[in-house]
Amino acid sequence: MNQYKYLELEAILRKDIASNHFLPSGKLPSIRELCRTLGVSKATVMHALHRLEAEGLVFCRPKSGYFVTSNKRIDRPIQQVKTPAAPRAVTVPAILKDIMSRSAAFDMLPSDGVSDDSNHLITLNRHLGRALRSKPTQKAFYYNNLSGDIRLKEAILEHYQYRGLNQDPEKICITSGCQHSLFISLMATCESGDTIAVESPAFYGVLQIMEQLQLKIIEVASDPEDGINLEDLEEKIREWPIKACVVSPNFATPTGAFMPEKARIALINLAIEKGFCIIEDDIYGDLAFPPLVAEPLKKFDTHGQVILCSSFSKSLSRDLRIGWVLGGKWHEKITQLKLVTQLASSESIQEGLSTFLKEGHYRRYLSYQINLLKQQQSTLIHLLKKSWHNDIRYTHAQGGISLWVELDASIDTQQSYKKILEQGIIITPGSLFSASGQYKNFMRLSYLHPITDKRKAAIKTLFSILLGK
Ligand SMILES: Cc1ncc(COP(=O)(O)O)c(C=O)c1O
């Protein structure tokens, strides 16, 4: 502790609060305990607690102590769903292709527009245009920097430092998006017929890759708030030889779950002990609602056991088709697979993006966008609460872009897909997020787009069809 001990204590508590360290009771250690474990005076502890209280992060209950102010106000939480005990092959329903072809994977309406403020895209286009114009024309027929442009690699890793991750630019490989990153990571670590543990519900893109690579899935129960259930994972590992485990510790889609720090460390220790690889999908990691800072799982990886996959698709633009992999032990193999599957990434896009990042535009835009997402999440929840509160349950994530909605067990969202589509509304049915036909009465709703009158009307129509009201 330095001379401003209260600031250090405040930082420790702030971090613990953000990582849900104090769940489920929310009670902070007593003042006496904090004094003893950290070797500071009572005045220092009180000073730090008062500052956190003034910010609304903690509150005092007379004679009981200090508690974390809950930012998880879920009135009727969704329960964890039991998953199948044995591995199985994956078959992805055909309607996924239909949803993707209507460009609506994260919207209810096909291309109903994004936020009015597109200044960041104008700036981004300026950077991309400048990079394109600066390339001598004769370079157009050369492939360069097979694992990616060093300036972009440095800019991405510089940005990760804000989230507590320090990595060597030699250990990152640029790809054409997070889906590509996940694909080559699974190719690098597994062979056809291998069993992969995947949190359930899972991102359908991973299920598609597994179907393509003929990998077997063992679905692992996942808490809609705290993510993958390690007890269930351990039980399954005891029974089945698992090659890799795919998880999204930061705002998993569709639930928005956020893994507590203790569970992250335990997961890595388990992977080291049992020798399986962790494939971390961190695509939503930049979209944490303050004061939460979403550290990547990779930050705790001392053995190169975690492969981090991500992209700018959710936080800036899907159109860039730029992603990356921090491949740990598998870096060389992943780089080779990038070469085989893509040869190289666009040099101009990488260069333009790197100057956009280095000049701070991305960070500026992120703070604006996160604020907007938070507002849009509130608006959507308000809308759901007002009209259907008694008929549905939903998650209330601390970041990301989606809500996981549970309806009455008698409702099948996939079966209603066509009827809803006839009204010009597209939904993402729950069954897309499982390989075992679970979550039939669930769906994912997104707050990525502004909740316009058109979307409000769509939600109303959607629920009247689903709930028959
Ligand atoms: C969790 C998750 N991972 C990966 C992807 C794929 O992202 P990209 O567009 O970068 O390929 C998506 C896209 O929806 C996603 O939701």
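The conversation below takes up the whole, then the sheet, then single strands and residues.

Guide: Please note at the outset that this is a predicted model. The protein has 15 helices and 14 strands, and its C-alpha trace spans about 70 × 55 × 50 Å along the principal axes.

Visitor: How do you know whether the radius of gyration agrees with that of a compact globule?

Guide: For 469 residues, a compact globule would have a radius of gyration near 23 Å. The protein has 23 Å, and therefore the value agrees with the rule. Of the contacts between residues at least 6 apart in sequence, 75% join residues at least 24 apart.

Visitor: What makes E3 and E6 edge strands of the sheet?

Guide: The open sheet has 8 strands in the order E3-E10-E9-E8-E7-E4-E5-E6, with mixed pairing. Strand E3 (172-175) and strand E6 (227-228) each have a single partner strand, so one side of each is left without a neighbour in the sheet.

Visitor: What makes E9 largely enclosed by the rest of the structure?

Guide: In E9, 6 of the 6 residues are buried, so the strand is largely enclosed. Both faces are covered: Val306, Leu308 and Ser310 are buried on one side, and Ile307, Cys309 and Ser311 on the other. Helix H10 (residues 261-274) lies across E9, and also across E6, strand E7 (242-247) and strand E8 (277-281), running at about 145° to E8.

Visitor: Why is Cys309 called buried?

Guide: A residue is buried if 20 or more other C-beta atoms lie within 10 Å of its own. Cys309 has 29 within that distance, and is therefore buried. Leaving aside neighbours within four places in sequence, its contacts include Cys178, Ser181, Ile279 and Val325.

Visitor: How do you know what kinds of residue surround the ligand?

Guide: The shell comprises 14 residues, the closest being Gly177, Cys178, Gln179, Ser311 and Ser313. It divides into 4 nonpolar, 8 polar and 2 charged residues.

Visitor: What makes E12 largely enclosed?

Guide: In strand E12 (residues 402-406), 5 of the 5 residues are buried, so the rest of the structure largely encloses it. Ser402, Trp404 and Glu406 are buried on one side, and Leu403 and Val405 on the other.

Visitor: Which strands pair with E12 in the antiparallel sense?

Guide: Strand E11 (residues 393-394) pairs with E12 in that sense over 2 bridges, and Arg393 has Glu406 as its bridge partner. Strand E14 (residues 442-446) also runs antiparallel to E12, joined by 5 bridges, and the bridge partner of Val405 there is Met443.

How values were computed:
Residues are numbered from 1 along each chain as its sequence is written. This is a predicted model: local features need pLDDT of at least 70, side-chain atom pairs count only at pLDDT 80 or more; totals for chains, interfaces and linings use all residues. Two strands pair if DSSP finds at least two bridges between them. Helices (H or I, at least four residues) and strands (E, at least two) are DSSP runs, numbered from the N terminus. Two residues are in contact if their C-beta atoms, placed from the backbone, lie within 7 Å. Axes are lines fitted to C-alpha atoms, for helices over the stretch in contact, and angles run from 0 to 180 degrees between N-to-C directions. A residue is near a molecule or strand if its C-beta atom, placed from the backbone, lies within 6 Å of it. Ala, Val, Leu, Ile, Met, Phe, Trp, Tyr, Cys and Pro count as nonpolar, Asp, Glu, Lys and Arg as charged, and the others, Gly among them, as polar. A residue is buried if 20 or more other C-beta atoms lie within 10 Å of its own, exposed if 12 or fewer, and partly exposed in between; C-beta atoms are placed from the backbone. The radius of gyration is taken over C-alpha atoms; the globule rule is 2.2 Å times the number of residues to the power 0.38.
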